[in-house]
Amino acid sequence: MEDKILVEARNLKKYFKAGGGQLHAVDGVNFKIRKGTTLGVVGESGCGKSTLGRVLLRLYDVTDGQILYDGTDITTMNAKELKPIRARMQMIFQDPSGSLDPRKSVKELIGEPLKIYKAYNGIDDYDAKIAEIMKTVGLNEMYADSFSHELDGGRRQRIGIGRALAMNPEFIICDEPVSALDVSIQAQILNLLMDLQDEKGLTYVFITHDLSVVKHISHEIMVMYLGQCVEYARTADLFANPLHPYTQGLLNAVPIPSLKAKKLSTQVMRGELTSPIDPAPGCRFAARCPYATEKCRGKDIALTEVEPGHFVSCRKVL
């Protein structure tokens, strides 16, 4: 791991027009990711984590704020300016079945980025590069001419990882890459991603709703709720001392395979999500929080460093 900052988000916002207002999918998020590390982004469905991943790659335009990649502001770059940078930034999608063209063979799917960027010298070099990628991600060469729908979920996800690796990127967004897989296959894919990080010095944003998965792979964790970051800390610190009631609720929902294990609390998160369309100022978790008071409403609560490297946005803590 290095101390060099590869990716930085500054007050990043992404709003969508919806229902007569604006849906605040990502709302004022700040973070820095050091080269060679993994930032885990966790939260319930609809919290904005997948949108955040797409915004970082500029698949969505930014509503406000800045994205810095390796010190360069890419926030307002056009497609032509972004193209060389995009070769260094890739994405692994949640559903390999939906992200892979069923009309193309494994060889064609993995080789597509090479063709787009003309990153090979002749057909022999093209074949050699694909063979090397397949070996790297653990795909037997016998599957080169197979189609993705002929393979199981684990092998399909390995194709997706192979596509992402084709241009030797530095930064990869992993958007729930194991959530659609069996538990035994999940472990194989997670270990593959960690091995690739060690070998190639890759930097990841790992998006998931599963805290047991994110604990295994992440160096730091950002907890999102309705577009905002409510807690940010090193992985060990977050699991040892979760401060935000929402983080505590997420951790309390993780199954523990032991009859003697104790949960953080017996409190269950109840209530409906606040609407993300033009939300009122204040803590967006207040409607579901057992500790909420009037101080939690009416005024936004800034993300504050309460311990070295541990940030939280909660009146109960602050």
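The model is predicted. An open antiparallel sheet is built from four strands, and helix α1 lies across β1, β2 and β4. Two cavities of 30 Å³ or more turn up in a search of the whole structure.

**Sheet**

- The strand order in the open sheet is β2-β1-β4-β5, with antiparallel pairing.
- Strands β2 (21-34) and β5 (72-73) are at the edges and have a single partner strand each, so one side of each lacks a neighbour in the sheet.
- Strand β1 spans residues 5-18 and strand β4 residues 64-69; the two run antiparallel and are joined by five bridges.
- E8 has L68 in β4 as its bridge partner.

**Helix on the sheet**

- Helix α1 comprises residues 49-56 and runs at about 115° to β1.
- Besides β1, helix α1 also lies across β2 and β4.

**Largest cavity**

- The largest cavity holds about 60 Å³ of space.
- Its lining has 13 residues, of which C283, C289, C296, C314 and R315 are the closest to the centre of the cavity.
- The lining of the largest cavity is made up of ten nonpolar, one polar and two charged residues.

**Second largest cavity**

- The volume of the second largest cavity is about 40 Å³.
- Its lining consists of E44, S45, G46, C47, Y225, L226, Y246 and L273.
- By class, five residues of the lining of the second largest cavity are nonpolar, two are polar and one is charged.

Notes. Residues are numbered from 1 along each chain as its sequence is written. This is a predicted model: local features need pLDDT of at least 70, side-chain atom pairs count only at pLDDT 80 or more; totals for chains, interfaces and linings use all residues. Side-chain values use heavy atoms; hydrogens and water are left out. Two strands pair if DSSP finds at least two bridges between them. Contact means heavy atoms within 4.5 Å. Axes are lines fitted to C-alpha atoms, for helices over the stretch in contact, and angles run from 0 to 180 degrees between N-to-C directions. On a 1 Å grid over the protein atoms alone, a cavity is a set of points where a 1.4 Å probe fits but cannot get out, and a pocket is an open set with protein on both sides within 12 Å along at least five of seven lines; lining residues have an atom within 4 Å of a point. Grid points are joined across faces, edges and corners, and a volume is the space filled by probe spheres set on the points. Ala, Val, Leu, Ile, Met, Phe, Trp, Tyr, Cys and Pro count as nonpolar, Asp, Glu, Lys and Arg as charged, and the others, Gly among them, as polar.
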